[in-house]
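Let's take a friendly walk through this model, from its overall build to a few individual residues.

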Amino acid sequence: MTDDLAGLLAAGERAAFHGRPAAGVDPLRRALGVAGDRGLQAEAAAAGWLLGVCLSSAGRYGEALDALEPLAAGGADTAPELQIFAALAAAALGSVHRQLGRHAVARAYDETGLARTDGTGEAGFDCLLGLAADAVGLGDAEVARAELARATALTEGRHDWWRQRVRVGWLEAEVGLLTGDPGGAARAAEQAVELAERSGAPRHVAKGLLFLGVSLVEAGRDGEAVATLRRGALLAESLGTLPLQWPARAVLGALLAERDEAESARCLDAARRAARAVADQVPESLRGDWLARPDLAALLAA
């Protein structure tokens with residue numbers, strides 16, 4: 001039924017974490033309407049957070065910001081359950097701003113979100129891991145390690161937290177790359193890919209393959225990197241996850257430049273198309289930051 005709120009939320013959650021993110025947008029917008037009509041604040045907050053996750057995963061950053069900002073701005077006097085969703089939304093906003101190259105802004109959102117929690121639970125984890133990612137983006141390995149350790153500690157004994165454990169692997173890979181340990185980064189990324197595969201989470205597999213491919217390049221294992229990045233790019237394209245498509249194709253195109261000029265050109269062209277598609281959906285006030293990302297600027301300039 002169109003007003004089956006539980007069914008709409010379940011469909012949105014499946015799309016966000018186990019399918020094609022764009023497929024969750026319509027049911028989650030409907031869930032927002034149904035929950036709002038019924039005065040169900042917690043369900044509306046859950047739908048808003050999941051909607052932001054789906055939109056940002058598809059590269060629809062402007063719409064994601066519109067969905068998440070009101071939720072994150074909820075007053076400090078709201079119910080504890082709503083505070084949790086406000087923290088989750090703040091962490092999701094931090095993720096969007098990191099993708100736009102705005103790491104200091106992302107850190108502010110993660111700090112605000114963390115302040116709404118007791119430092120535990122899924123919301124506390126998301127904010128702590130966000131702070132670790134912010135530190136990587138800002139080149140601060142010491143802070144990145146410290147925040148990553150705090151986030152990792154929350155996963156101990158939580159074998160049901162597949163999503164959190166996969167994301168720990170991503171950050172371990174990022175820290176490894178930042179600190180000159182590509183071998184360690186590759187091992188962490190490979191473990192994250194394996195866990196995501198066991199969890200039936202294709203988007204997380206695709207992102208893990210991107211980290212693994214970059215780590216293999218840095219480790220001088222170009223042959224393995226080519227196969228890994230091809231697989232990651234194809235999976236990202238099948239899922240419609242533009243934020244994963246353009247970097248996977250860009251790295252693969254650069255890697256193939258001297259061994260297969262034709263495939264390299266195709267990859268770079270696909271990377272530019274995906275990046276421009278994302279740019280079209282970034283708010284005009286933020287588009288300059290997005291286009292100024294060094295890796296993106298180099299891709300589009302070429």
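Predicted model: local features only at pLDDT ≥ 70, side-chain atom pairs only at ≥ 80, totals over all residues.

Residues are numbered from 1 along each chain as its sequence is written, and side-chain values use heavy atoms, with hydrogens and water left out.

**Overall build**

The secondary structure comes to 16 helices and zero strands; helices (H or I, at least four residues) and strands (E, at least two) are DSSP runs numbered from the N terminus. The C-alpha trace spans about 60 × 40 × 40 Å along its principal axes. A compact globule of 302 residues would have a radius of gyration near 19 Å, and the protein agrees, with 19 Å. That radius is taken over C-alpha atoms, and the globule rule is 2.2 Å times the number of residues to the power 0.38.

Of the 302 residues, 52% count as buried, meaning under 20% relative accessible area (1.4 Å probe, protein chains only). The protein exposes about 12,900 Å², with carbon and sulfur atoms supplying 51% of it; these areas come from the Shrake-Rupley method with a 1.4 Å probe.

**Helix 6**

Helix 6 (residues 103-115) reaches 18 Å from its first C-alpha to its last, close to the 18 Å expected at 1.5 Å a residue, where the expected span is 1.5 Å times one less than the number of residues. Which residues of helix 6 are buried? They are Ala106, Asp110, Gly113 and Leu114. These residues cover an arc of only 100° around the axis, so they sit on the same side of helix 6; the arc is that of the directions from the helix axis to the C-beta atoms. The buried residues of helix 6 pack against helix 5 (80-99), helix 7 (121-137) and helix 8 (141-154).

**Core and buried residues**

The largest nonpolar core has 100 residues, and Trp49 and Trp290 touch the most other members. Such a core is a set of buried Ala, Val, Leu, Ile, Met, Phe, Trp, Tyr and Cys residues joined through side-chain atoms within 4.5 Å.

| Residue | Relative accessibility |
|---|---|
| Gly184 | 17% |
| Arg249 | 12% |

Gly184 lies in helix 10 (residues 182-198), and Arg249 in helix 13 (residues 242-255). Leaving aside neighbours within four places in sequence, Arg249 is in contact (heavy atoms within 4.5 Å) with several residues, including Glu237 and Cys267.

Note on methods. Buried < 20%, exposed > 50% of the residue type's maximum accessible area, 1.4 Å probe, protein only.
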